[in-house]
Amino acid sequence: FPEFRARIAELREGDRHFARLAEDYEAVNDEIHLSEINVHPLEDLAEVLKRKERAALKDAIYAMLTRAPA
């Protein structure tokens, strides 16, 4: 979400829950990327589950980015 770059930095610093979601998203995204380039291939079902996990994390991150600041 390049349009939220400043908000992401702000939330990473001040919101532990957001920071954890962002870390989890990056880890899952890295796993998927490594699978796609055959460095650490995943079985089909495992890759599908990772993609669903990544989508859920991305949705949660977006929800936090777009809610009004407290």
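Which residue lies over the face of Phe1? Keep that in mind while we go through the views; Lys58 is the one, at 5.7 Å from the ring centre.

This is a predicted model, in which local features need pLDDT of at least 70, side-chain atom pairs count only at pLDDT 80 or more, and totals for chains, interfaces and linings use all residues. Residues are numbered from 1 along each chain as its sequence is written, and side-chain values use heavy atoms, with hydrogens and water left out.

**View 1. The whole protein: 3 helices and 0 strands.**
Helices here are DSSP runs of H or I with at least four residues, strands are runs of E with at least two, and both are numbered from the N terminus. The C-alpha atoms fill a box of roughly 40 × 20 × 15 Å along the principal axes. Of the 70 residues, 26% are buried (buried is under 20% relative accessible area, exposed is over 50%, and partly exposed is in between, with a 1.4 Å probe and protein chains only). The accessible surface is about 5,200 Å², and carbon and sulfur atoms hold 54% of that surface (Shrake-Rupley method, 1.4 Å probe; for residues, only the protein chains shown count as cover).

**View 2. Phe1 and Tyr62, a tilted ring pair.**
A search of the whole structure turns up 3 aromatic pairs (rings of Phe, Tyr and Trp, with its six-membered ring, whose centres lie within 6.5 Å; planes under 30 degrees apart are stacked, over 60 edge-to-face, the rest tilted). In one of them, the centres of Phe1 and Tyr62 are 5.4 Å apart and the planes sit at 40 degrees, so this pair is tilted. Phe1 is in the segment before α1 (5–14) and Tyr62 is in helix α3 (residues 44–66), so the pair ties together parts 61 residues apart in sequence. Phe1 is partly exposed at 32% relative accessible area, and Tyr62 is also partly exposed, at 39%.

**View 3. Phe4 joins in, edge-to-face with Tyr62.**
Here the ring centres of Phe4 and Tyr62 are 6.1 Å apart with planes at 80 degrees, so the pair is edge-to-face. Phe4 comes from the segment before α1 and Tyr62 from helix α3, 58 residues apart. At 17% relative accessibility, Phe4 is buried. Put together, ring pairs make a cluster of Phe1, Phe4 and Tyr62.

**View 4. Lys58 over the face of Phe1.**
Back to the opening question: Lys58 lies 5.7 Å from the ring centre of Phe1. A charge sits over a ring if NZ of Lys or CZ of Arg is within 6 Å of the ring centre and within 35 degrees of the ring normal.

**View 5. Ser35, a buried residue in helix α2.**
Ser35 belongs to helix α2 (residues 16–36) and has a relative accessible area of 4%. Setting aside neighbours within four places in sequence, Ser35 is in contact with His40, Pro41, Leu42 and Glu47 (contact means heavy atoms within 4.5 Å).

**View 6. Gly14, an exposed residue in helix α1.**
Gly14 has 68% relative accessibility.
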